[in-house]
Every structure is written in structure tokens, then in C-alpha cells.
Amino acid sequence: MTSLRHSIVFRLALSYGLLFLLSLGIISLVFYVGTAGLLARNTDGQIVAIAHQLEQVHERNGTGALLQAIHTLLTDDKDVETEEYLVLDPQGRKLIGNLTAWSHLPTTNDALTKTQVQRLGRNATSRLLVHRFDDGSLLLVGRDLQEQHQLERMILGALGIGGLLGLLLAVLGALLFRAQLQSRLTAIQLTTQDVSTGKLNRRIATGPAKDELAGIARDINRMLDDIERLMDTARNVSNTIAHDLRTPLGRIRSALEETLQPPVETLRWQRAAHYAIDEIDTLIGVFEK
């Protein structure tokens, strides 16, 4: 884990994976908001359309026709799990409907609101529209939102699972990406270590690859070729210099040894000194070259 934490390859790969995951999360959020919004709009559209139809029935044919129409809707086996209807007379008495209890009915006329009611004895979070007729009677049309909320939770769960799988794939992808690059970087590192110990003939195997790392490996190989050539040149120059110095130094040594032989003569010392000076001048010329 320490090596992974300090690995720039792993961090880069993981960063790109997390960036992809963030993009996926934004897309999922847009999808969820769009889906939930579509469900809500469809529900509101159904409520408004049915309420409008029932209002027209009441206006044309009176309360009796309205009650008959609602009875038909409650017994037609359509939307039986979600539909909610209620008609109250001007005194607030229930005339028909499948709501068994209600505490805070919306006061705004023909406005959609979300509130808690009891439907067939069960608490329900509902979307309701209330219309008050001129005679004081009240019409309530609504939909139980339980199924819609369940669908939203299913979508959220699916997106959550998808996000976890995406995170897992991002980490696995980062590890795989790191393993592939690390093998090639290790080859470069081992080669440079061998060269630093004096193995100048070592080279990085590049193969047929033409990517950026292969280009770097080829540049390093060319640099090592230049270094080896320069080292060979330096070695040859050193050998040549050693050879050129060895001969005059040997002659100087012989001349000086000869002066030490008896009998000691001043003239011999002078000749040896002049000879040594000439040879030393020759050595200085070699160094200057």
C-alpha cells in the first residue's frame, strides 16, 4: 500500500478513473432527476385531467352524476392501488371516496400539493388536488405515491450499485494500468542501475512498440551508445598518453641513473641535466596537445 501511495502511475490512473466515475455520477444524477421528474409530471397530469373531467360532470349534471362517475372510477379495476377520490358535502360530510381519514386537506383551490392521508385504513403519502364547488361541496382527486417512491428507490439502488461497481472497476483499472507501466519503467530503472555500476553495454529492450515510453527508451539507448563511445575514446586517449609519456620518462630516468655512476663528473651532470630538460619540454608539448 505504501508503494501504491507513492506511485505516480497509480495516482494518475486512479485520478482518471475517479474523473470517469464523477462523470458517470453526474450523468446518473441527470438520469434520476429526469426519470423522477417524468414520473411526477405524469402523475400530476393524470390528476389534473381526471379532476377537470369530474368538474365538468358536476357542472353539467350535478352532484349525483359526479358521485356516479367516481363510483365508476373506483370499481373499474384501473389504478386500484394508487387512485384516491373523495367528495364532501357543504357540511364536510363524506359522500363517496376511498379515503378513510384526512387531517390537513389543501386549502388552495385547484392546486396540487403533497400531504399525508389514510387510504383504506393505511397511511399514505399522496399527491392531491382539491376543487371547491360554488355550493360549498368539495372534490378531491389524488394519487398514492408509494409505488412512485418505490420505483425511485429502485432507481437509486441501481445507480448506487452501478457507482460501487464503477469505483471497483476504476481501482482495478488503476492497478492494471500501473502493472503494465511499472514493468516497462522497471526495465528502464534496472538498465540505468547496471550502467551506473559500469556495465556500459547494457541497453533497454524496446521491441516493436512505438509509444512514448518506447521513444524514451530509444533516446536512453542512444545516450548510452554515445557514453560508451566517449568512454572508449577516453580509454584510447589515455592509453596513447600513457605510451607517449612512458618512453621519455624512461629516457630521463636512465640519464639520471647514469649520472649517479662513479666517477662523478660535473660535465656528465650538465649533459644529463640538459637532456632531462629537453625530454621534459617534450612531455610538456604532449600535455599541451
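**View 1. The largest nonpolar core of this predicted model has 14 residues.** Among these 14 residues, Leu54, Leu66, Ile70, Tyr85, Val87, Leu139 and Val141 touch the most other members; a nonpolar core is a set of buried Ala, Val, Leu, Ile, Met, Phe, Trp, Tyr and Cys residues joined through side-chain atoms within 4.5 Å, where buried means under 20% relative accessible area, exposed over 50% and partly exposed in between (1.4 Å probe, protein chains only). At least two residues of this core are supplied by each of helix H2 (8–61), H3, S1 and strand S6 (138–144), with helices (H or I, at least four residues) and strands (E, at least two) being DSSP runs numbered from the N terminus. H2 gives the largest share, four residues. In soluble globular proteins, nonpolar side chains tend to be buried together. Residues are numbered from 1 along each chain as its sequence is written, and side-chain values use heavy atoms, with hydrogens and water left out. Because the model is predicted, local features need pLDDT of at least 70 and side-chain atom pairs count only at pLDDT 80 or more, whereas totals for chains, interfaces and linings use all residues.

**View 2. Six strands form an open sheet in the order S2-S1-S6-S5-S4-S3.** The pairing is antiparallel, and two strands pair if DSSP finds at least two bridges between them. Strand S2 (94–97) and S3 are the edge strands, each pairing on one side only. S1 and S6 are joined in the antiparallel sense over six bridges, and tyrosine 85 has valine 141 in S6 as its bridge partner.

**View 3. Valine 141 is shown with its contacts, leaving aside neighbours within four places in sequence.** Its partners include Ile47, Ile50, Ala51, Leu54, Tyr85 and Leu128, where contact means heavy atoms within 4.5 Å.

**View 4. Aspartate 77 has a positive phi of about 60 degrees, although it is not a glycine.** Most residues other than glycine have a negative phi. Aspartate 77 lies in the loop between helix H3 (63–74) and strand S1 (83–88), and with a relative accessible area of 66% aspartate 77 is exposed.

**View 5. Aspartate 110, another residue that is not glycine, has a positive phi near 55 degrees.** The place of aspartate 110 is the loop between strand S3 (99–102) and strand S4 (112–119), and aspartate 110 counts as partly exposed at 38% relative accessibility.
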